[in-house]
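Hi,

Here is the structure I promised to pass on.

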Amino acid sequence: MRRSLYIPLLAGLFAACQPEFNDPVNEEGFYSSGEADLTTYVALGNSLTAGFADGALYRDAQINSYPNIIAQQFSLAGGGAFTQPLVNDNTGGLLANGQTISSPRLVLNFNENGSPVPVTLDAEPTTDITNVLEGPFNNMGVPGAKSYHLLANGYGNLGNFPTAANPYFIRMASSPDASILEDAVAQDPSFFSLWIGANDILGYATSGGTGVNQTGNLNPQTYGSNDITDPTLFGGVYQQILQGLTSNGAQGIVLNLPAVSGIPFFTTVPYNAIPLDAGTAALLNENYAAYNGGIRQLQAGGVISAEEADSRIISFQAGQNPVVILDESLTDLTGFNPALVNLRQATAEDLLPLPVSRVLGTLADPSNPLSVIGVAVPLNDAQVLTMTEVAEIEAVRAAYNNTIAALAQQFDLPLVDVDSLFDQLISQGIPYDGGTITATFGTGGAFSLDGVHLTQRGYAVIANEIIDQINLRYNASIPEVNAGYYPAVFVE
Amino acid sequence: MTFGHLKNSKSKSMKKFLTGAVIFLLMSAAAYAGGYRIALQGQKQLAMGHTGVAVINSSELAFFNPAGLTFLEDSFTSSVGMNLVYSNIVFQNERYGWYTESESPVSTPFNAYASFKINEWASVGMAVYTPYGSSVEYPTNWEGSHLINEISLAAIFFQPTLSVKLTDKLSIGGGAILVSGSVDFTRNLDRSTTNVEGERLGVNINQSGITAWGYNLGLMFRPTTAFTLGVNYRSEIIVDAEEGEADFRNIPSNLQGQFSDGTFNASLPLPAELTFGASYQVNEKWLLAVDINRVFWDVYQSLDVEFSNGLVSENPRNYKNSTSYRFGMQYKANERFTLRGGYYFDESPIQSRYFAPETPRNDSNNFTGGLTFNLSEHFAIDASFLYIHFDEVNESYDFYQENGQNVSFGGTYKNNAFIPGLGVTYRL
């Protein structure tokens, strides 16, 4: 009997004899956090921080949220555990008391022509926001949150939903009346990251500028969801957040805001999306002849400048033609002639939101072959972000970024210049060992199928930027991740 | 109208984000000598540093040098044995903080030899042995899973053997080899792609019962009764997997056409080996032996796998010929005990930048020991032990492609192996 004991004994002995490296990476001291204390890392932000992608929050993308990516790397340099309010599944979408309140994620499917098309995943969401999770959570990123929402008590109160509460915060708030900042500070973070402010302009942008630029109005209670947050209010809120986070001496890092005009949501549908042959162009020009005549008449009468009149003349030719849009910033001429609505043709500076691609070129009235949307039927205010609106957003964003830079300096925090990073992404792409990540929709690798949020690979690029800045500022040696190991888009 | 720029460009856009996925590779196998050679062909000779081309000891000669069988004194002798291979690989990458330990199962190469003396100048023998093989398993979806997640490679050699004495001092021998091989290999298609459920896209290929032919030839010369010289040549054998099973895993329904399950064809060379050796019987008790092996690994240039769905995977290997230097000794303590020891230096056939993680092995130092315990006049137990030491090595495999460009996978590897073995000898 005794002999039979030897064999498992032997097996155990040899199996335990793993070779050992002279300098193992998983041994304490190989990587250093430098002067940074990574014991308790808390991430604050919006959907980008939560790991939102493909129009939804789903599990795998949360697992590869940039805060979780860097937390995993922190753990090699003394970082502590990192928890996230994970949703139930890889379907995405939310329920409130069994009712679907947000759709599942987008995935790539193929239409009858074999072309890839993003479609909503055909599955039922299972994550119900009334099922409140037990926190605290190191990842405090809340999709949809604007800067001032971080300070808002009751933002996680189901009773305030949907007007003054956020479904994502409802399911993770420590109590219905706690604010995001309070829940973050309560964790006594030793290190934090803050990437907030994108939604303070993004809602305005993606709605085609239908909201209100609230510059000058310091009361966020009066703001609509598509409004632009006043930059002074933003500055005050940002300062309060940093004060709260640093009150116990925590170190951290802040990220500034990229331009919205370069994201695929606005760059995928071209302004001149209408292909016409010479015959159709001539026919259309005939239809617009009366309108054009009216414009020229009012120009001659001195009502509008020659410049404005030129911009309002509608003219088609064979080839690609700019779409016809309604631009509320033009002089209202309907008092002179109700037919002279605020039409003009788009220019390269006007941005057409991604969802417009679904209606552009289709018939507004299926029985009327002349009711082609974008040609005979103009795109409405919500279907185009005009150059004026882009300029408005850019001015506010510049103000936000100046505030972020100034406060970073004041609080002695390193700043991740996401603005420049996105510029590089859009102009030339960001190389990695398996190619180049670009901002091209669908295939570029940086942006998910909603055209706004990043892919897991894109979030990995952000994570590396953060790690680099932490290493630089805090004399740390935290290893980067390899972006090539993170997925981009998903085929159904 | 759908998303404009994606429209008429299915092939182009699909290609772009899936090129990584269509580059395939099948690999072969780790081992305990260079490449996927497993030098464990007998407990007695293994204990002596796996020398044996000029050692007249036992029926293990059928492998080491068929010419020697006729010099064995017993009218019938046979040896059966098995080794337990505990091999470990650890891997780390300092740039990304990766650390992975292999989870390879214990593999059990075996051998069985018999030799029968027909008359004073001729003997016949039968040898069954497993000189090539591999069993490597890494944690699922580890950092190198686009190259290998698991492999199990086995080749059993059956070799009827004839040994003929030309003179009292010179003999020749040889045998035809029938190989029965099997392969089972799993990896992910690329470094990142998953289906909607988050499962990595992968492929498994497997086939068993693959047959191939080769031969084993030897020459032995005994200038004096104490001094023996030997030379042995075992031919190259190309194992062709044809119509093996290819199973693509976790493929999204929209990509089923591209990655349909089916069959695969691939060729794996088992290289030729040439060995020179000498032994010297110092006195009644002491025997010394030395062998030099040359393995012609340069036949292994690339591993190309063709799938029935049209996909082709080309995987450069570019192995180089390698040499092993073997030293062994035997001490006959008494009628009951014979003790053995040895050492060999094993050169790796893998060149820099070709260190694929299925055989991330550099040169090794090998220490052997063992003994024979004679139970009776007819029965003996043979035990052996081999410890393989590798220095850690910083290397990479640079020929995996994504988006048409080579993507290097590397870091620091360290290997070791502990191989106890046990056998029984019966003689008349």
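Below is what turned up when I went through it.

One thing to keep in mind: this is a predicted model.

Let's start with chain A as a whole. Its C-alpha atoms fill a box of roughly 105 × 50 × 45 Å along the principal axes. The chain has 492 residues, and 56% of them count as buried. As for secondary structure, you'll find 15 helices and 15 strands in chain A.

Five strands of chain A make up an open sheet, paired in parallel and running in the order β6-β1-β7-β8-β13. At the edges sit β6 (139-141) and β13 (415-416) of chain A, each with pairing on one side only.

Which residues form the negative patch? Glu20(A), Asp23(A), Glu27(A) and Glu28(A) do, together with Glu94(B), so to see the whole patch you need chain B in view as well as chain A. Glu20(A) belongs to the loop that runs between α1 (2-15) and β1 (41-45) of chain A. Is Glu20(A) buried or exposed? Its relative accessibility is 63%, and because exposed means over 50%, Glu20(A) counts as exposed.

Cheers

Note on methods: Residues numbered from 1 in each chain as written. Chains lettered and ligands numbered in written order. Predicted model: local features only at pLDDT ≥ 70, side-chain atom pairs only at ≥ 80, totals over all residues. Heavy atoms only, no water. Patch = residues over 30% accessible without salt bridge, like charges linked within 9 Å, V, L, I, M, F, W, Y side chains within 5 Å. Areas by Shrake-Rupley, 256 points an atom, 1.4 Å probe, with all protein chains shown as cover. Salt bridge = Lys/Arg side-chain N within 4 Å of Asp/Glu carboxyl O. Lys, Arg positive; Asp, Glu negative; His and termini not counted. Charge placed at Lys NZ, Arg CZ, Asp CG, Glu CD. Helix = DSSP H or I, 4+ residues; strand = E, 2+ residues; numbered from the N terminus. Buried < 20%, exposed > 50% of the residue type's maximum accessible area, 1.4 Å probe, protein only. Pairing = 2+ DSSP bridges.
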